[in-house]
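Here is a walk through a structure, strand by strand and then chain by chain. Keep the 3D view open and follow along.

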Amino acid sequence: MSESKKDITIVCFSGDFDKILAAFTMATGAAATNRKVTMFFTFWGLNVLKKEQGRKWLGQGVMAKVFNFLMGGCKNLPLSRLNFGGISPSLMTGMMKKHNVATLPELIEAAHALGIRILACEMALHILELERDDLIEEVADVVGVATFLNASENGHIIFV
Amino acid sequence: MSESKKDITIVCFSGDFDKILAAFTMATGAAATNRKVTMFFTFWGLNVLKKEQGRKWLGQGVMAKVFNFLMGGCKNLPLSRLNFGGISPSLMTGMMKKHNVATLPELIEAAHALGIRILACEMALHILELERDDLIEEVADVVGVATFLNASENGHIIFV
Amino acid sequence: MSESKKDITIVCFSGDFDKILAAFTMATGAAATNRKVTMFFTFWGLNVLKKEQGRKWLGQGVMAKVFNFLMGGCKNLPLSRLNFGGISPSLMTGMMKKHNVATLPELIEAAHALGIRILACEMALHILELERDDLIEEVADVVGVATFLNASENGHIIFV
C-alpha cells in the first residue's frame with residue numbers, strides 16, 4: 001500500500017513564519033505516513049536554512065548584503081499577517097508551546113530525522129550571493145529547477 | 001469519462017478575501033464539472049468558517065482571545081493587496097455584483113449544495129482555542145493533516 | 001520518456017514581482033525539459049499581461065478604473081516583502097542582471113518562444129472591465145475555470 005502513496009514536494013518560497021510552519025506540518029505528517037517528501041527552499045524561504053539565525057551582512061555586493069541583512073535568518077521570519085513589527089511569531093510560538101504543538105526548530109529537526117530531503121535553490125543562492133556554507137547542515141543538496149521538477153514527477157507539488 | 005477526472009483538494013491557509021474567492025471559484029467550477037472536491041481550512045482560513053461573522057473574543061487564554069478578535073470572521077477578510085484599511089473587499093464585492101459574479105456567502109452556499117467537503121484543521125482550532133461549535137454548520141468534519149493528505153491521493157493539492 | 005512527464009499548470013494569481021519570477025522560472029525550466037506548460041493568469045496576475053506597462057485608467061466604471069490604475073502594469077509589480085514603496089523590484093532586477101539571471105520581460109519572451117500556453121482568466125477580465133485588446137499579443141486565449149482545469153488533468157497545478 002505504501003508504494004501507491006504519492007510523493008510530496010513542497011516549494012518553500014515565502015519565508016513567512018506561519019506558512020513555513022504549515023509547510024513543515026504537512027511535510028512531517030506526510031513523511032510519518034510513509035510518503036517520500038522533498039522540501040525545496042527558494043527566495044525568502046532560504047532564510048529558514050541560514051546557519052546564522054539572526055540578521056547578518058552576508059554576500060559580497062552591497063545590494064546582496066542589504067537584502068540578506070533585512071531578510072535575516074530563521075529567527076526573523078515575519079507572520080504573513082498581524083506581524084506587529086515582528087513580535088507576533090514569538091507570541092504564536094508561546095501559544096503553540098502551551099498546546100504542545102511542535103515549534104519551528106523542533107519541526108526542522110523532526111523533518112531531518114524522518115528522512116525528508118531538504119534542498120536549496122541554486123539560482124536563489126546565486127542571486128543573494130550565499131554559499132553552501134552559509135546554510136545549515138541539514139541541507140542535502142543545492143539544486144536547480146530541473147532537479148526539483150524531476151523529484152516531483154510521482155507526486156504533488158505544493159507551493160507555499 | 002467522469003471517473004478519470006482528478007479530485008481537487010484546496011488548502012485554504014490564507015484568509016485573504018481575494019484568495020478565498022479564487023479558492024471557491026476553482027472549487028465550485030471543479031465540482032460543477034463532476035470532480036470530487038475537498039476544501040481544508042487552516043490558520044487564517046478558519047476565519048471564513050467562524051459562525052460569528054464579525055470580530056469576537058473567542059478562546060480561553062488572553063493570547064487566543066486577542067488573535068481571534070484581530071483575525072475576525074468572514075466579514076473581516078482583508079484583500080491581499082490594496083486593502084485600504086478593510087474598505088476594498090466591499091468595493092470589490094460591489095464590482096462583482098455589478099457583473100453578476102457570485103459573492104463569498106453565495107459561493108459558500110453553492111459549495112455546500114454541490115457536495116464539496118468542507119474540513120477544518122484540528123491543530124489550528126486547537127492553537128486558536130476554537131471549538132467545533134464556533135464554526136458554521138457546513139463544516140463536515142474537523143480533521144488532522146493525515147486525513148487531508150489521504151483525501152488528496154487521487155488528485156491535485158492546491159495551496160491558497 | 002518525454003511522454004511520461006507530467007504537464008505543469010501554473011495559476012498566476014498574485015501579481016507580486018518575486019512570485020511571478022518564480023512562476024516563469026518554473027515554467028521555462030519545465031518547458032525546456034519537454035513538459036507541456038500552461039500559465040493561467042487571474043486577478044493581480046493579469047497586471048503582468050497588460051499591454052500598458054505603467055498605470056492607466058482602464059475599464060468603464062469608476063471602481064474598475066481606480067483598481068486598474070492602482071494595480072498598474074508589469075512595471076508596477078510589487079515585491080511580496082521589503083517592497084520599500086516599489087523601489088525593490090528594480091534593485092532586485094539589478095542583482096539578477098549582475099548574475100546573468102533572466103529578467104521578467106526576457107522570461108515572458110522565453111516562455112512564448114518555448115511554446116508555453118499563456119491564458120487569461122475570463123471572469124477576472126470581466127470584473128476589472130478589461131478587454132482582450134488591453135492584453136499583450138502573447139496571450140493565447142481568454143478562458144474560464146473549466147478550461148484551465150481540463151488543461152491540468154494530466155499534471156500538476158501550482159498556485160502562485
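**From the sheet to the chain contacts**

Let's start in chain A, where S1(A) and strand S2 (residues 37–41) run parallel and are joined by five bridges. Helices (H or I, at least four residues) and strands (E, at least two) are DSSP runs numbered from the N terminus, and two strands count as paired if DSSP finds at least two bridges between them. Within this pairing, A:Val11 sits opposite A:Phe40 in S2(A).

Before going further, a word on what you are looking at: this is a predicted model, in which local features need pLDDT of at least 70, side-chain atom pairs count only at pLDDT 80 or more, and totals for chains, interfaces and linings use all residues. Residues are numbered from 1 along each chain as its sequence is written, while chains are lettered from A and ligands numbered from 1 in the order in which they are written.

Back to S1(A). Strand S5 (residues 155–159) of chain A also runs parallel to S1(A), again with five bridges joining them. Here A:Ile10 has A:Ile158 as its bridge partner in S5(A). Is S1(A) mostly buried or exposed? Five of the six residues of this strand (residues 7–12) are buried, so S1(A) is largely enclosed by the rest of the structure. Buried means that 20 or more other C-beta atoms lie within 10 Å of the residue's own; 12 or fewer makes it exposed, anything in between partly exposed, and the C-beta atoms are placed from the backbone.

Staying in chain A, have a look at two helices. Two packed helices are described by the angle between their axes and the distance between the axes. Helix H1 (residues 17–32) of chain A packs against helix H4 (residues 104–113) of chain A at an angle of about 35°, with the axes 10 Å apart. Those axes are lines fitted to C-alpha atoms, for helices over the stretch in contact, and angles run from 0 to 180 degrees between N-to-C directions. Which residues meet in this packing? From H1(A) come A:Ile20, A:Leu21, A:Phe24, A:Ala27 and A:Thr28, and from H4(A) come A:Leu104, A:Leu107, A:Ile108, A:Ala110 and A:Ala111. By class, that contact has nine nonpolar residues, one polar and no charged ones. For these classes, Ala, Val, Leu, Ile, Met, Phe, Trp, Tyr, Cys and Pro count as nonpolar, Asp, Glu, Lys and Arg as charged, and the others, Gly among them, as polar.

Now hop to chain B and find strand S3 (residues 117–121). Four of its five residues are buried, so S3(B) is largely enclosed by the rest of the structure. S3(B) pairs in the parallel sense with strand S2 (residues 37–41) of chain B over four bridges, and B:Phe41 has B:Ala120 as its bridge partner in S3(B). S3(B) also pairs in the parallel sense with strand S4 (residues 141–143) of chain B, over three bridges. There, B:Cys121 stands opposite B:Val143.

How do the chains meet? Two residues are in contact if their C-beta atoms, placed from the backbone, lie within 7 Å. By that rule, 22 residues of chain C are in contact with 17 residues of chain A. H1(C) gives the most to this side of chain C, with six residues. The residues on that side divide into 11 nonpolar, six polar and five charged.

Towards chain B, the contact takes 17 residues from chain C and 23 residues from chain B. The side of chain C that touches chain B has 13 nonpolar, three polar and one charged residues.

Finally, a rotation of 120° with 0.0 Å of shift along its axis superposes chain C on chain A, with an RMSD of 0.0 Å. The two copies are thus related as by a three-fold rotation axis.

How values were computed: Least-squares fit on C-alpha atoms with pLDDT ≥ 70 in both.
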